[in-house]
Amino acid sequence: MSALKSSRPVWVQTPRSAFTYRALTERLQGVVAPVSRLSWMVPLVITLIAALMRLVNLDQPHALTFDETYYVKDAFTLLSHGHEMEWPDDPNPAFLDGTPAPLDSPEYVVHPPLGKWMIAVGMLLFGTDSGMGWRFSAAIVGTLAVLLVTLIAQRLFNSITLGAVAGGLSAVDGHQLVLSRTSLLDIFQMFFIVAAFYALLVDRSHGRRILARKVSAAVDPQTGVPPRSFLEFGPWMAWRPWRLVFALMLGGGLGVKWSMLSFVAVFCLLTVLWDMQARRTVGIRRWLTAGIIRDGIPAFFLIIPLTVATYISTWAGWFLTAGGYDRTWAADHPGEGVGWLPAPLRSLWEYHRSAYEFHQGLSSPHAWESGPWTWLFAGRPVLFYYHGSEAGDPGCPVGSCASVVTDLPNPVLWWAATLSLLVVLLFWAGRRDWRTGAILAGILAGFGPWFLYSQRTMFFFYTITFEPFMILSLTFVLALALGGVGASVARRRTGLIGVTAFLALVVLVSAFFWPVWTGQTIPYEAWRLRLWMPSWG
C-alpha cells in the first residue's frame with residue numbers, strides 16, 4: 001500500500017531540489033505503479049464473473065417483486081407516454097401476462113424519472129413481459145458498479161491485487177447481487193455514486209499533476225525555488241475536465257433519488273479539502289485561503305451548475321409532454337409559487353415541494369422496515385419475494401419448498417466490513433491517511449443523513465449507496481493484514497494465509513446463500529437453515 005511520505009511543506013525540507021516536477025508529483029501522489037496489462041485484465045475478468053452472476057436466470061422469478069410493482073410499471077408508461085401513468089386496481093397479473101393496461105390519467109410519483117428511464121431501456125430491448133426486460137438494466141448497471149469498485153480500489157491503494165480483492169468482494173456480495181437482479185432505483189443511484197467517486201479520484205491525481213507542473217515551472221533558476229509572492233497563494237487551476245464528468249454523475253444520481261444530495265455535499269467538500277492539502281504539501285503558505293478562493297469557488301461554478309442542469313434534463317419526458325402530473329400547475333395557479341421562474345420550471349418546483357412533503361411524512365408501518373442503527377449488523381434484511389410450494393409442484397421434490405429472494409448481504413463480509421470501520425477510523429484519526437478519509441466520507445454521506453429522519457419508514461436496502469465504501473474499508477484492513485513492504489517474510493506469509501482463508505470463506509458463504517439471493521426453489525428447511533438471526537425471517 002502506498003502512502004504519502006510526509007505532510008510537511010516542501011519548502012521546509014529541501015528548498016532547491018524539491019521543486020522539480022518529478023519530486024513534486026512523487027510527493028503529492030506517491031510513487032505510482034506503471035500501467036500494465038493486468039491493470040485492465042483483472043478488472044475485466046472480475047466484471048465478466050459479476051455479469052454472469054447477475055444475468056443468469058434473470059427472468060426468475062416471473063413476478064414483480066417488492067417495489068418493482070411501482071418502478072417497472074412506471075418505466076412502461078414512460079416508454080408509452082413520456083411520463084408516469086396511473087394503473088387500475090390489481091394490475092400485476094395483466095402486466096405479467098403481457099397485456100398491460102394503464103389508465104388515462106397521470107400518476108403522482110415522488111422519485112425523479114431517470115432510474116425508471118434506465119429500467120425502460122431494458123424493456124425496450126427485451127420486451128415488457130419478462131424479468132429479462134425489466135431487470136436487464138439493473139443487472140448491467142450493477143455489473144458496471146463492480147468494475148468501478150475494482151478501478152477505484154486499484155487507484156486508491158495503488159495495487160492491482162487490492163483492486164481485485166475489492167472487486168471480487170463486490171461481485172459475490174448478496175446485497176449488491178440481489179439489487180442488481182431487482183428493478184429498484186437504489187442500484188442505479190449506487191452506480192452514479194461510485195462513478196462520481198471514481199471521477200473525483202481521477203481529478204485528484206490530475207489536479208495534483210497540474211499543480212506540480214505549475215509550481216515547478218515557477219521556479220526561479222537563480223534560487224531554485226518559486227518566488228515568495230508565488231508561494232503565498234499558488235497558481236489558479238480552474239479548468240479541471242474530470243470535474244465535469246463528476247458533475248454529470250452527481251446530476252444523474254440526483255435524477256434517480258434525492259438522497260444523492262448528501263453525496264453532492266460531501267464529495268464537493270472532499271475535493272476542495274484535497275486541493276487545500278495539496279497546496280499545503282507543495283509549500284503554499286496561505287493554503288487555506290487559496291483553497292477556498294482559487295479552488296473552492298471555481299469548483300463550485302464548474303460543478304454545481306452542470307449538476308443542476310443534468311438533473312433538470314432528466315425530466316425531459318415530463319417537459320416535452322403535456323399530461324404529466326402537475327405539468328400545467330403554473331397555468332392553473334397564476335401568481336402562485338416562485339413567480340420569477342418560467343411556467344414549466346414553476347410547475348416542476350411545485351411538484352418538488354409536494355414530493356418533499358410526502359417524503360417528510362412517510363411513516364407507514366411496514367413488516368420489513370428497519371432503522372439505520374440496525375443496518376451495520378444487517379439486523380433486518382428485506383424479503384423481496386416468497387413463494388411456497390409442496391411435493392409434486394415444479395421443482396419441489398420434498399414435502400414443502402420455498403422460493404425466496406431476500407436482500408441479505410454475505411454476513412461474513414458485511415460484519416467484517418462493519419468491524420473494519422473502527423480500524424479505518426483509527427487510521428484516519430491517528431495518521432490522517434487520505435484514503436481512510438475518502439472511505440469515511442462515502443460512509444458518512446450514505447449513512448449519516450438517515451439518522452435525521454428517525455420517524456420515516458426506512459429499509460435495509462438503502463445501505464447499497466454506501467456498500468462500496470464498506471468494501472473499500474474492509475479491503476484497507478485486509479491490506480494491513482497482508483503486511484507492508486518492510487514486513488518480514490514470515491509476517492507476510494502469515495498475512496497472506498489469513499487473508500486467503502478469509503476470502504475463501506466469503507466465497508463459500510456466498511455459494512451457501514446463492515439460492516435465497518436468486519429465487520431458486522429449495523426445501524423449506526434449507527431456507528430456514530439460512531436464517532441465522534430471528535429477524536431475518
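**Buried charges**

Reply: Start with Asp-295: its relative accessible area is 1%, so Asp-295 is buried (buried means under 20%, exposed over 50%, partly exposed in between, with a 1.4 Å probe and protein chains only). Bear in mind that this is a predicted model, where local features need pLDDT of at least 70 and side-chain atom pairs count only at pLDDT 80 or more, while totals for chains, interfaces and linings use all residues. Residues are numbered from 1 along each chain as its sequence is written, and side-chain values use heavy atoms, leaving out hydrogens and water.

Me: Which residue forms a salt bridge with Asp-295?

Reply: A salt bridge puts a side-chain nitrogen of Lys or Arg within 4 Å of a carboxyl oxygen of Asp or Glu. Here the partner is Arg-279, with the closest N and O atoms 2.6 Å apart. The pair links helix H14 (Asp-295) to helix H13 (Arg-279), 16 residues apart; helices are DSSP runs of H or I, at least four residues, numbered from the N terminus. Arg-279 is buried too, at 0%.

Me: How many salt bridges does the structure hold?

Reply: Eleven. One of them joins Asp-186 and Lys-257 at 2.8 Å, N to O. That one connects helix H10 with the loop between helix H12 and helix H13, 71 residues apart. Asp-186 counts as buried at 3%, and Lys-257 at 7%.

Me: What about Arg-240 and Asp-275: buried or exposed?

Reply: Both are buried, and their side chains meet in a salt bridge at 3.2 Å, N to O.

Notes
Helices (H or I, at least four residues) and strands (E, at least two) are DSSP runs, numbered from the N terminus.
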